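Please walk me through this structure. Start with the aromatic rings, then go on to the helices, the disulfide and the loops.

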Amino acid sequence: MLGRLSFTFVTEIPEHLLKRSQSRRGEAGGDAVSPAAAATPATTQSAAPAVAASKAAAVPAGPPPAKPDIPVVAAYKARKKIPVWAMVTLSILPLWAFLYVIALRPVPVKATGPLGAGTKLYTGCAACHGDAGQGGIGYAFTNGSVIATFPHIEDQLRWVALGSDAYRNAGVDIAGDPNREGGAHIAGALGVMPNQAPTLTDAQILAVVCHERYALGGGDEASAEFALWCATDAPVYLALEAGTASFDNVHEQFAADGVLEIGRVPLAGTTAG
Ligand code: HEC
């Protein structure tokens with residue numbers, strides 16, 4: 001408001017002064033004016049315009065011109081901006097890297113054979129027979145002990161599936177070799193061996209028995225028994241795992257290999273040979 005007012009004075013007053021000064025000049029050319037009379041109005045009237053003029057000069061004409069940027073800042077402002085699609089693409093890079101690493105990892109080999117599966121299943125037996133088969137509440141398996149009890153794997157499979165109570169109840173006292181070196185193991189002599197058939201499949205029982213005989217018991221992996229039952233490509237294990245054979249009929253399917261009956265009921269153990 002003040003600025004506008006002042007501005008009005010500024011635009012009007014010079015004309016006014018101009019006219020007056022022109023008329024004065026005319027007067028000066030004609031009649032002589034006393035210096036005092038001429039000076040008085042000039043001083044009184046020119047006081048206000050002088051103030052207005054100085055005010056107008058003080059009012060800034062507009063914002064001061066921006067300082068030019070230093071080269072670094074100018075370059076920063078002039079840089080090419082990253083497009084939005086590139087930002088989106090970049091932001092999913094970590095996810096891509098994560099999936100890439102996962103994809104590169106070798107797929108764990110699933111088929112580890114009966115010994116691989118048996119190692120895991122044995123955790124259910126270790127509490128009573130020891131982590132390394134050294135024995136506990138139940139018998140030790142080490143140093144050929146379990147193979148001495150069960151010269152034929154079929155007798156051990158049946159025993160583990162049925163447990164000690166089934167043998168005692170059936171009146172079958174010796175599940176293994178009656179002529180065992182060091183004495184036959186009598187059912188129930190050490191306590192109760194829990195039956196495994198309700199929780200483990202036939203293939204799983206074979207797997208854990210393979211672990212006991214070969215990983216813990218010191219069995220000979222060059223034997224015909226190992227190749228038939230416990231090797232990674234053992235035909236009996238593969239048949240049990242595929243469900244094409246079971247403890248009921250494996251002795252029929254593999255009769256040519258001399259496989260003995262396992263069955264689902266206690267049977268007297270067999271001697272070596
Ligand atoms: C709760 C304890 C316990 C658990 C668990 C257990 N056992 Fe036993 N096991 C025994 C006992 C006790 C005996 C001895 C039974 C007897 O005196 O008739 C035994 C005996 C055996 C024998 C006979 C060994 C021999 O030389 O006479 C085998 C083989 C066997 N167990 C295998 C297994 C397997 C395989 C598992 C796991 C799937 C297992 N046991 C889990 C307690 C257990």
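**Aromatic pairs**

Four aromatic pairs turn up when the whole structure is searched. Rings of Phe, Tyr and Trp (its six-membered ring) pair if their centres lie within 6.5 Å; planes under 30 degrees apart count as stacked, over 60 as edge-to-face and the rest as tilted. One of the four is formed by Trp159 and Tyr167, whose ring centres are 5.2 Å apart with planes at 55°, so this pair is tilted. The model is predicted, so local features need pLDDT of at least 70 and side-chain atom pairs count only at pLDDT 80 or more, while totals for chains, interfaces and linings use all residues. Residues are numbered from 1 along each chain as its sequence is written, and side-chain values use heavy atoms, with hydrogens and water left out.

Burial is judged by relative accessible area: buried means under 20%, exposed over 50%, and partly exposed in between (1.4 Å probe, protein chains only). Trp159 has a relative accessible area of 14% and is therefore buried. Tyr167 is buried as well, at 0%. Another pair is made by Tyr214 and Phe226, with ring centres 4.9 Å apart and planes at 70°, so it is edge-to-face. Tyr214 belongs to helix H11 (residues 202-216) and Phe226 to helix H12 (residues 224-230), so this pair ties together parts that are 12 residues apart in sequence. Helices (H or I, at least four residues) are DSSP runs, numbered from the N terminus. Tyr214 and Phe226 are both buried.

A ring also takes part in a contact with a charge. Arg79 lies over the face of Tyr76, at 4.2 Å from the ring centre. The rule for a charge over a ring asks that NZ of Lys or CZ of Arg be within 6 Å of the ring centre and within 35 degrees of the ring normal.

Which residues of helix H9 are buried? They are Ile153, Glu154, Asp155, Gln156, Leu157, Arg158, Trp159, Val160, Ala161 and Leu162. That is 10 of the 10 residues of H9 (residues 153-162), so the helix is largely enclosed by the rest of the structure. The cover over these buried residues includes helix H8 (145-149), H10, H11 and H12; contact here means heavy atoms within 4.5 Å. After H9 comes Gly163, which has a positive phi near 80°.

Helix H5 (residues 93-104) is hardly covered, since the count of buried residues among its 12 residues is zero. From its first C-alpha to its last, H5 reaches 16 Å, close to the 16 Å expected at 1.5 Å a residue. The expected span is 1.5 Å times one less than the number of residues.

**The disulfide and other cysteines**

A disulfide is a pair of cysteine sulfur atoms within 2.5 Å, and by this rule the count comes to one. It joins Cys210 to Cys230, with S to S at 1.9 Å. The torsion about the S-S bond of Cys210 and Cys230 is about -80°, so the disulfide is left-handed. The pair links distant parts of the chain, with Cys210 in helix H11 and Cys230 in helix H12, 20 residues apart. Cys210 is buried at 0% relative accessibility, and Cys230 is buried at 1%. Elsewhere, Cys125 counts as buried at 15%, whereas Cys128 is partly exposed at 32%.

**Loops and an exposed helix residue**

Gln196 is placed in the loop between helix H10 (164-170) and H11. With a relative accessible area of 17%, Gln196 is buried. Leaving out residues up to four places away in sequence, Gln196 touches Val160, Ala161 and Ile205. The side chain of Gln196 also reaches the backbone oxygen of Pro194 at 2.9 Å. A polar contact is a pair of N or O atoms within 3.5 Å; within protein, one must be able to donate a hydrogen and the other to accept it, and residues adjacent in sequence count only if both atoms are side-chain atoms.

Asn169 lies in helix H10 and is exposed, with a relative accessible area of 68%. The C-alpha atoms of Asn169 and Pro266 are separated by 9.3 Å, although these residues are 97 residues apart along the chain.

Most residues other than glycine have a negative phi. Asn143, however, has a positive phi, near 55°. Asn143 is found in the loop between helix H7 (126-129) and H8, and is exposed at 79% relative accessible area.

How values were computed. Helix = DSSP H or I, 4+ residues; strand = E, 2+ residues; numbered from the N terminus.
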